[in-house]
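Keep the viewer open while you read.

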Amino acid sequence: MLVFRWICAAVLSVSLLGPRLMADAATAHPSGIEGIDYRGTGCPEGSVAANLAPDAQTMTLIFSAFAVDTSTRSGRPMRKVCVINIAMGTEPGWQFTLFGVNVRGYANIQSGAVGVQQVLHSFGQGSGQAIGRQQLIGPFDNNFSSYSELPLAAAEWSPCDSGRHRRFHLRTSITVRPRLGFRDSDGEQDDGGKGPNFPYGYMTIDSIDGGMVQQYQVGWRRCTGR
Amino acid sequence: MSIRRCLKLLTVSMPMAFASYGGSALADVPSYVRIVGITYAGSGCPAGTVGNNVSPDFQAFTLLFDQYQALAGPGVSFSQKRKNCQVNVSMDIPSGWSYTLFTVDTRGYVSLQPGVRAMEQSSYYFQGQSLTGRQQTIVYGPTDRNYQATDQLTLENQVWSPCGAVRSLNINTEVRVDNSAAPNNQGMMTVDSIDGHFKLIYGLRWRRCG
């Protein structure tokens, strides 16, 4: 099990930055990211660099091995996943409202193949609900990025009247496969990965940024009736 | 971060900032700036393959890569054709200042047979933001030489850190080699010509909030 303790990193950052920032962090934001861990085929131990802002509002994860390459398997489909578990903390009388996720990567997809990048969230067990999906149809050779938002206030997850610690999961995946209905050189339809020479694709996620959406100060809000 | 909060920070910090300048009020640098941490990951810089050095004034840093190279040729897998390294730089800056990247010098080696193309690209963004600045250098084969790509960010692609919040700077560098126009030919782009190191020198640029 791979665990990265943000709290230690945050404490370290704050101690480097001095008491001024510590005071800022304590007074400016009633809620923030308290801890994070991750696991999955896309984020094995030692392959991720992580950074949390001193005010605990935003995080960056950078990946070394979150990539699929179907050229090494005759074009047969390939998929990788990283599940990020995020622990949130908030002051009494506040609730979370909106969490934004930026995914950045690169894809090199041959004609006839497709790359799919997806972000799902869940508050407990289970596969979760999609908040972002991007399909790259070959030929494609470029960087890609996506932004999606997770509304937290609407969920039972962020109630006004219970404990102050909450946890949710972001499940990010990349898949490269032949396009459905793809016909190979002899004109035969083959969309199940049975043929020997499908078009190839390479897809990678370079980084994921996540945090409270701050433009309108709606990352968290004061509970009414208190 | 809201305008209101930024203004509040300005009100509080600007007199202090001016005071700390003393006789050098014209210098467009805040009273203190420090690089406090560097982390990195990417297909071109797995853990343990990067050396880094921060300058004595904490405003510039150098990274040395051991195995950062992209290859293309017959039988070469797709994952070899593009390598990247994303660097996350944590800064300590006074309230009321914002910063952006100024120049990036990327040095390396490129060897391409006819019809093969290579590219070096740097993308910049601040932690948690969608806005991304980008610069690239393209090289066409045949060629066999060292190269230096200097990215001088212009006003159009400058990405500034948000006012009133400390956000780290992300620099995603990548090299790609493309032989799709000449599938039987080979190419490599590396930043490891003679001494086996890929070298990046970064400089940071500042402005006041407001």
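This is a predicted model: local features need pLDDT of at least 70, side-chain atom pairs count only at pLDDT 80 or more; totals for chains, interfaces and linings use all residues.

Let's start with a pair of strands in chain A. Strand 3 (48-52) and strand 4 (58-63) of chain A pair up antiparallel, with five bridges between them.

Most residues other than glycine have a negative phi. A56(A) has 23 C-beta neighbours inside 10 Å, so it counts as buried.

Strand 4 of chain A has another partner to look at: it's joined to strand 13 of chain A by five bridges, and these two strands run antiparallel. Here I62(A) has S207(A) as its bridge partner in strand 13 of chain A.

Is strand 4 of chain A buried or exposed? Six of its six residues are buried, so the strand is largely enclosed by the rest of the structure. T58(A), T60(A) and I62(A) point one way, M59(A), L61(A) and F63(A) point the other way, and all of them are buried.

Now the contact between the chains. Chain A puts in 36 residues and chain B puts in 32. Several elements of chain A supply at least two residues each to the side touching chain B, among them helix 1 (6-17), strand 8 (98-109) and strand 11 (140-151). Strand 13 of chain A gives the most, with six residues. By type, the side of chain A that touches chain B divides into 14 nonpolar, 18 polar and four charged residues.

On to chain B. Of the 210 residues in chain B, 40% are buried. Counting contacts in chain B with a separation of 6 or more, 76% are between residues 24 or more positions apart.

One sheet in chain B is an open one of five strands, ordered 1-5-10-7-8 with antiparallel pairing. Its edges are strand 1 (34-41) and strand 8 (133-140) of chain B, each of which pairs on one side only. Neighbouring strands in the sheet are turned by 15° against each other on average, direction ignored. Strand 1 of chain B pairs antiparallel with strand 5 (residues 82-92) of chain B over seven bridges, and I38(B) stands opposite V89(B) of strand 5 in that pairing.

A few backbone angles are worth checking in your viewer:

| Site | Feature | Angle |
|---|---|---|
| G138(A) to P139(A) | cis peptide bond | omega near 5° |
| G141(B) to P142(B) | cis peptide bond | omega near 5° |
| S74(A) | positive phi | near 55° |

Where do these sit? P139(A) is in the loop between strand 10 (129-137) and strand 11 of chain A, while P142(B) is in the loop between strand 8 and strand 9 (143-152) of chain B. S74(A) belongs to the loop between strand 5 and strand 6 of chain A. With 12 C-beta neighbours inside 10 Å, S74(A) counts as exposed.

Last stop: E91(A), in the loop between strand 6 (78-90) and strand 7 (94-96) of chain A. E91(A) counts as partly exposed because it has 13 C-beta neighbours inside 10 Å. Setting aside residues up to four places away in sequence, E91(A) touches P30(A) and S31(A). Although E91(A) and G115(A) are 24 residues apart along the chain, their C-alpha atoms are separated by 41 Å.

Conventions. Residues are numbered from 1 along each chain as its sequence is written. Chains are lettered from A and ligands numbered from 1 in the order in which they are written. Two residues are in contact if their C-beta atoms, placed from the backbone, lie within 7 Å. Helices (H or I, at least four residues) and strands (E, at least two) are DSSP runs, numbered from the N terminus. Ala, Val, Leu, Ile, Met, Phe, Trp, Tyr, Cys and Pro count as nonpolar, Asp, Glu, Lys and Arg as charged, and the others, Gly among them, as polar. A residue is buried if 20 or more other C-beta atoms lie within 10 Å of its own, exposed if 12 or fewer, and partly exposed in between; C-beta atoms are placed from the backbone. Two strands pair if DSSP finds at least two bridges between them. Axes are lines fitted to C-alpha atoms, for helices over the stretch in contact, and angles run from 0 to 180 degrees between N-to-C directions.
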